[in-house]
Every structure is written in structure tokens, then in C-alpha cells.
Amino acid sequence: MLSHAANPLAMPLAKDIFRVFYSGRDAKNRSSVGAFDYDMKSAQVIEDHEEPFFCSGLSGSYYENGVSIGNCYSVGIKTYMLFMAWPNPENAHWYGDIGRLIVNDDMTLSLDQDTPFISCRDFNSISLSYPWVQPSDLKGFEMWYGTTETWDAGNDEMLHVIKSAASSDGQIWEQTDKVIPFAIGTAQAFSRPTILKNPDGTQDMWFSYRSGSGTPYRIGHSRFSDGVWSQTPGDPGIDVSRSGWDSEMIEYPFVFKYEDKIFMLYNGNGYGETGIGLAELQR
């Protein structure tokens, strides 16, 4: 991998140490999965793994053009990592399917199956992106994922919204009628949802979005309370910096807990080209 560290995902490795997986790119702009180990106590990278943990696929595979990771979830004793798969359609517009990796006991990764875990055809979508799966408050699992409604909503920007699906076993999924609120010209091109469940039953979702006005990616927020998700883009508690590596755009958030605090990994300028940031939620 030569550039980028996009779509960061933190998994606990030891007491204070997390393995941070990310999507890096090669000379042909194809993304593979890399990782580094980060000590939260000392705020230092203690190991930067030089070799990819999982590579983009061979010619003809459904992830030939890359692997952009979403999040992890466990079913029984197995842990899975979902990803947006980039095929290489000939003479056609790019699109994404959803693939699934197995997280092995030694924290290495292997492909779960040779076909998409969920294809665009399965969900009647033009393109799918970055899924987030978590246990449901009712039973089984719920998934929040990006889906393209149109490549151009009339303002030279796609309409790519966040919808949900449900599963009783984490394997077979059915779409639901839940959609995160969106508005053309305000928040219409979403990606990479990440969710924090609160003890009072509310949920906080952060995501990337573009407004359709030409402004690059920002991070937005929606809260689930009394059965309703709040209007987007909301107040995420974070914005671009005045200067530096994240002054033009911020995107691809991943929220996780450490001790009694909430942290967010995110990317800045260039879709992860300038690296990964770490922010702490101030309550």
C-alpha cells in the first residue's frame, strides 16, 4: 500500500491497545486492508504492520478494485468485518456491493465467501456502501448501510441515503422501511454510519455527508429518541480545522469506547490521504 489510511476501525487488542484497521491504496488506486496497533494510554503507535491484512481481489472478483471497511459484529463465536466491495464493471459506472471478512482469533482476516455478502440486486440498489451492524434492541441484528437512489439528484450530486435492514441470525437480511432523514441541497450524499447506543435507550449516529452545494465531505449527526431519528446534518460536535491535514474535509467516522470515554477516529483531506485523526467526545 502506497497511500491513504481511510475508513479507520478500532478493535480491542489488549488492555489499553487497539488494532486500528484501515483501507490503504496501491499504485492503481485499489484499496486493501492495513492496520497499526495503538496504545491509548501513551497515545502512541506501538506497531505499524507493513503487510496488508487483506488485499483487493484478482481480476473478475467482486472486490477487484478494492475493499473499504465498515464495522465488525459477532455471531456466536465468530466475528465478521463488513466492507464495501469495489468491482470493475467494463464500460459502466462504478458501484459497490457489500462483502464480509472473517476476523480470526489471531486478528488476521480471511474472506468469508467468493460472492458478495449482499449485492445491489439483493437490495434493489444502484450501489451499496459502508455497512454498520449491531445487535437489535428487539432480537437479532440491525444493519445501517448506504444506498444510491440516483447518481444525480439534479444538482450534480448523487442521492445516497442511509437505510436499514434486519436479521434474526446475522446471515440473512431483509430491508426495513427505516431511512435516516435527508434533504436535497442540505444533506444528500451519506456514507459510513457509526452508532453509539446510550443507557437510556437513545442512539447517536455519526456519518459522512455532502450537501450537494459543492462543499466537500463533513461529519454529521442524528439522534434516535422516542422512535424517531432527528433531522440531519445535525450537530456532530466536530468540524474542519482552520488549517492543516483536516481543514478541507472530514469524513469516515468510527466511534468507540475506551474506559469511561467516547472517542472518534476519522479522516481528513483527500479521503484519508492525509491520515487518521482521533477526537474525544466532550459531554
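Student: In the second largest pocket, how do the lining residues divide into nonpolar, polar and charged?
Tutor: In this predicted model, the lining of the second largest pocket divides into 16 nonpolar residues, three polar ones and two charged ones.

Student: And which residues lie nearest the centre of that second largest pocket?
Tutor: Of the 21 residues that line the second largest pocket, those nearest its centre are Asn71, Cys72, Trp132, Phe254 and Val255.

Student: Which strands supply at least two residues each to that lining?
Tutor: Strand E5, which spans 66-75, is one of them, and E1, E9, E13 and E17 likewise each supply at least two residues of the lining of the second largest pocket. The space in this pocket comes to about 450 Å³.

Student: What about the largest pocket, what volume does it have?
Tutor: The largest pocket has a volume of about 570 Å³, and 30 residues line it, with Met84, Trp86, Trp94, Tyr130 and Tyr252 lying nearest its centre.

Student: Which element gives the largest share of that lining?
Tutor: E13 does, with three residues in the lining of the largest pocket. The elements that give two or more residues to this lining are strand E1 (3-12), strand E2 (17-25), strand E6 (78-86), strand E9 (128-135) and strand E13 (189-197).

Student: How many of its lining residues are charged?
Tutor: Four are charged, while 15 are nonpolar and eleven are polar, in the lining of the largest pocket.

Student: Switching to cysteines, how many disulfides are there in the whole structure?
Tutor: A search of the whole structure finds zero disulfides. Cys72, for example, is in no disulfide, and the nearest cysteine sulfur, which belongs to Cys55, is 17 Å away.

Student: Is Cys120 buried or exposed?
Tutor: Cys120 counts as buried, because its relative accessibility is 9% and the cut-off for buried is under 20%.

Student: Now the sheet with E17 in it, what is the strand order?
Tutor: The order is E17-E18-E19, and these three strands form an open sheet with antiparallel pairing. Strand E17 (251-258) and strand E19 (276-280) are at the edges, where each has a single partner strand, so one side of each has no neighbour in the sheet. From one strand to the next, the twist averages 25°.

Student: How many bridges join E18 to E19?
Tutor: Five bridges join strand E18, residues 261-267, to E19, and the two run antiparallel.

Student: Which residue in E19 is the bridge partner of Phe263?
Tutor: The bridge partner of Phe263 in E19 is Glu280.

Technical notes:
Residues numbered from 1 in each chain as written. Predicted model: local features only at pLDDT ≥ 70, side-chain atom pairs only at ≥ 80, totals over all residues. Heavy atoms only, no water. Disulfide = S-S within 2.5 Å. Buried < 20%, exposed > 50% of the residue type's maximum accessible area, 1.4 Å probe, protein only. Pairing = 2+ DSSP bridges. Helix = DSSP H or I, 4+ residues; strand = E, 2+ residues; numbered from the N terminus. Axes fitted to C-alpha atoms, helices over the stretch in contact; angles between N-to-C directions. 1 Å grid on protein atoms, 1.4 Å probe; cavity = no way out; pocket = protein on both sides within 12 Å on 5 of 7 lines; lining within 4 Å. Points joined across faces, edges and corners; volume = space filled by probe spheres on them. Nonpolar A, V, L, I, M, F, W, Y, C, P; charged D, E, K, R; others polar.
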